[in-house]
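Visitor: Could you give me a close look at a single part of this structure, after setting it in the chain around it?

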Amino acid sequence: MATAVKTTKGTNPNEVLQPPEQVQVEPHQEIDKRLETEEQKIDVNGVSVSPSLSTIDLTPSEDLDVSEFTVKPPAREAGEPTYRGWKEVGRWTPEDALTFDDELVDLLTKSTIFDKYLPSVAYGDWYHNAGYLIVGGLLSWLIGWFRFSMAPLFFVIVSFSLLYRSSVRKYRSVLREQAQREFSIKSIENDYETMDWLNTFLEKFWVFLEPSIAQIVCDQVNPILAASPAPAFVKSLWIDSFTAGTKPPRIDTVKTLHGTNDDIVVMDWGFSFTPSALTDTTTKQMKNKVNQKVVVKASLFGLTIPVAVSDVSVRGLARVRLRMMSSFPHVETVNVSLLEPPHIDFTSRVLGESIFNWEVLGFPGLYPFINEMIKKYVGAILFTPLSFQLNVQQLLAGNALDSSIGVLAVTVNNARRLKGFNGVGNTLDPYITIGFTNKVLAKSTIKKDTDEATWNETYYIPVVSLSEPLNLAVIDYNEYRKDRQVGSIQFDLECLLENDKQPNLSAPFIRNNKPVGELNFGLQFMPTIEPENQADGAVIPPPDLNTGIVRIEVIEARHLKSSDDKGASTYAEAYIGNEKVISTGVQKNTNNPGWGASHEHIIYNRAKSKVKVAVKDKSNKIIGRINLRLNELIDATQVEQTWFPLSKGGEVRITGSWKPVGLVDASGAGGYSPPIGTVRLSIDKADDLRNLEHIGKVDPYARVLVNGFQRSRTAAVESTLNPTWNEIHYFTVSSPNQKLTIDVMDVEAHSPDRTLGSFDVKLTEIISKNEKGEYVEYIDTEKRESKLIHKKGPKGTVTYSLSFYPTLPVKTLQDIKEEEEEKEEREKARKAKEKEKANSAPAGFKEDTKQEENVKGDDKTKKDQPEDDEDEEQDKSKLELSLDELMEYKSGVLIFEMIHGSVSRENSYLQVFFDNHGHCDYASEKLTRRDQKLGKTGDVIIKELEWSKAHFRLVKDKEANRLEKAIAETTIPTLQLLKNGYHEPTTIDLSGGGSFKLQCSWVPIIYESEIPPQDSINNSGNAKIEVVRAENLIAGDRNGKSDPYVELYLNTDKDYFFKSKKVKKTLDPVWNESTTVEVINKYDSFIKVVVYDWDMGPEQDDLLGYGSIKLSDVPTDGSEVELSTLIEGENGEDGGAAFFKVSFKPEFILNVRPGSGTHIGDAFGHVGHVGVGAGKGVVKGVGTVGKGLGGGVKALRKGLHLGGKDKDK
């Protein structure tokens, strides 16, 4: 009896290639032991049955009455496979490894007696084989005719069996010789190439890779089969054996087509996945050459039924088109098309390998039927000229295969010369349907009785693939009959890749291959804006737009309440606004239903969109509902908080994925999500960063992302692995479930910046509510340290702290206007309904009854839909304050909507700066026209409204900083801007030409005490430092004296900003020298004092000691204060003291330089990294921040820092 052996890592000793590490597979029990266990019988009610039958769960079918049962049957458990991989399926052991002699010997090498004595002309060809069968059958018939005994028949059967076997063996040998002859001859040249290098590698590596593939397949598929909706009588369903065989798939031929565009690569790939030829092989060879085999077992009615599929053969010719792009992963889309129907063959046996197995494909007509079904269903997707398109960027972003890649705007202008159908009363009432294949995504209005229809209507539809043609059909509307299609247009969308906007298109409607009219229309494709993933793991985030595509998934529910013990029979409906987008099927008799329904929807105003989900029973009664703002759902999905409580008990799991799309002329493009508060991020420093440079060190900066969108960034610190930033960043949050990411980057001059690592912070740790449901203030009492995670492993830490300050829930002017509009619409609807009711009152009883039924139907529909009570309560809790009342709060969020712009130069950008921010708080898209609609909204945190200023600039470069040259600019106090633009839009005129129209709102920030001192306007300015004297310094020379001088450093900068003169031969020097340094963050800054002993000659000056002065001890009124610091020697000994006079004058300091001021541009701070990045201290950063990609060469700069003194250690 054969036995199953343990999976082992033993390999053929003749193999050169070493196998990779495989996952340890548990050894299976021997087959004979398993069979002995199954053969043991027990007695149940006098009948001998197997133990497995005695434990069968006899759950009745769903068709039977199960009301008397109170316990649900257990769910199916995932079965464990018996054999995984070619070694287990083939029963391979280390002793079965083939030697060179074993490979040479097969069954053909052993000759029979006929091979030795029969002449060659007597056997070995196809007619010999046919002759032996005919003669053997004839002799058998004659023996039966003459009524002979069975003895001569036995000799006839044996003789002709041996003859046939010898003849067939020789025939197969001849065929192999003919094939070898063909292989030895050089084929006639063609334009196909071979992939022998890849095929050879696969042949060597496949035997090691296949066991892992088989294990992964079994582990992934068996739980899916166990959860499949199979009938109740199927107790278990699992893959019992799986192997992909020892022969790997092959790429037979490859041809690259010429004449394509520079960014297009088109290749023809001939592929095959065929089984090995096992005829005439020995038993040992068969264990080393295993073909594909899958055995699926189902347990039903106490029996285990196996179905085996083996010897799978697939061969085809595919055309692959790659569209390349410059950014990583350098392949934008992949289109695959089959040039011919693939050849597919396999062996399928019911009852597996038992003697009673039945070859399914032996059933007449089944094999051709399978091939025809493949052609029907696969051909509509893959057969040329159609193709299956993969968007590589979408897949890398984690989107589903059927996820939309963009939005198509279809403008239906007019139709001409439409030809309808002849017949009595057949007038033409046309309307247009827009969609793909048989799926209609949009319909135009109906035009009555005309063949020259004009619409001028624009519709937006999501697009999954541009390889599928757009279907535009003209339909004849019939009031009492079924609508009838007049004709259709199939339009290839691939042309939109070259020109995404084609406004003037014309195409004929086709019916029965004949034109029946013409349609004038326009198309514009707007792709989804995906984050760009760089090769090193860095992500370039997309813009945070208010328009795009959302993917809603209603996955499952749990702990639902039902009226009986059987469980509820429920389905779910999802609404976006008042439009139903999802209606799932009914899940019967379970309080934990799973639906797995999804839908993608175009969103024109994300800030105002709402999602409603209702769980209903079979009688359409709502047993639970949830109302969410779309932003809340998207934020919760980001942090994987996808379970939401239902109103009447239980929970439902919903996800929402967002993909921004720049919809042209969308009404809600400038929408804004009101903040619940602001997060204050104090980012101090980073230590032990990863050095990606071969020469020198990285130039790190930190950026802040919320839900993957960049909000702000620090300035870069030049050439260091331990940067100090001391920056304060403010940004708004609209939900506690938003994901905060801190990413440390390295500035690159001529390529995208590289990531040094990142980490996520859960905002739910700092955002909470009190008993009244109000958000409360939170301040970190201690500094946090988080490890940076990189694809190469964790390296480096960031020191930072977080605070949360809630905003006052107030109604914006837009909220008030929307409420008034809704009230007016409700009032109009009420009056119209009353008027209609009054007009219908005199009618007969029948009409009254009909109207009453309609009213009841409307009431029922309203009851079925989820209500908006929660949202209304939230709106009622907001305060409605006047502008004067709002301006009493001096700290808040300034929200500004850019409405319209008139510029003096095309292809320019509008930038908005506030206070001393060096990088812009808002940057528009490129203004391609001199008069252009903007429709974008930004925000910024203003800490002291009475001192704040707004600076507007028109520039050529979107990433230009505030010191770059501008085309036109102007400055206005923020308080005045708020007063002018609150009630109605205000126009800002730029000196130099151009103007912009905007409108503002103000949302106050609530501080329990006062704003932090670091955020005050007095925290930046010029510090004047007078180095007075020192005493009791350490003697550095042999004469007991020193020649001391002092160097002053700001924070941890490696370069000093002041160096005093040396005073010779003294331990109590007096300098009386002064200097001034610009400081961005006085409260958190300090002056490092380093005292050296000057030595004559090339040797390095001796370090006498160091100390520090805290600038937080200096008053901000400009008065001078005397400060001193103890000097600590190099070994910790007392090194004396130094005395200073320090004063501070508050001023606005811009911590940026023009692009020409540094080789790398404006990435670095203005004063040797003094108080880096305060220019972004309180900025949301709507625009993309400059990356310092100036015109210099970073490598040259780094090469100049070799061999210098390292005094900053």
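Guide: Among the contacts in the chain (heavy atoms within 4.5 Å) that link residues at least 6 apart in sequence, 69% join residues at least 24 apart. This is a predicted model, in which local features need pLDDT of at least 70 and side-chain atom pairs count only at pLDDT 80 or more, while totals for chains, interfaces and linings use all residues. Residues are numbered from 1 along each chain as its sequence is written, and side-chain values use heavy atoms, with hydrogens and water left out.

The chain has 18 helices and 55 strands, these being DSSP runs numbered from the N terminus (H or I of at least four residues for helices, E of at least two for strands). Of its 1209 residues, 46% count as buried, where buried means under 20% relative accessible area, exposed over 50%, and partly exposed in between, with a 1.4 Å probe and protein chains only.

Now to the part itself, which is Thr-986 and its surroundings. Thr-986 lies in strand 46, a run that covers residues 986–989. Thr-986 counts as buried because its relative accessibility is 11%. Once its neighbours within four places in sequence are set aside, Thr-986 is in contact with Leu-977, Asn-980 and Gly-981, and also with Phe-996, Lys-997 and Leu-998.

For contrast, some places elsewhere in the chain deserve a look at their backbone. Asn-1072, which belongs to strand 51 (residues 1070–1079), has a positive phi of about 55° although it is not a glycine. With a relative accessible area of 48%, Asn-1072 is partly exposed. Asp-311, found in strand 8 (residues 303–324), likewise has a positive phi, near 55°, in a residue other than glycine. Asp-311 counts as partly exposed because its relative accessibility is 31%. The peptide bond from Thr-384 to Pro-385 is cis, with omega near 10°, and Pro-385 is found in the loop between helix 10 (366–382) and strand 12 (388–391).

Finally, Glu-825 has its place in helix 13 (residues 813–840), and at 57% relative accessibility Glu-825 counts as exposed.
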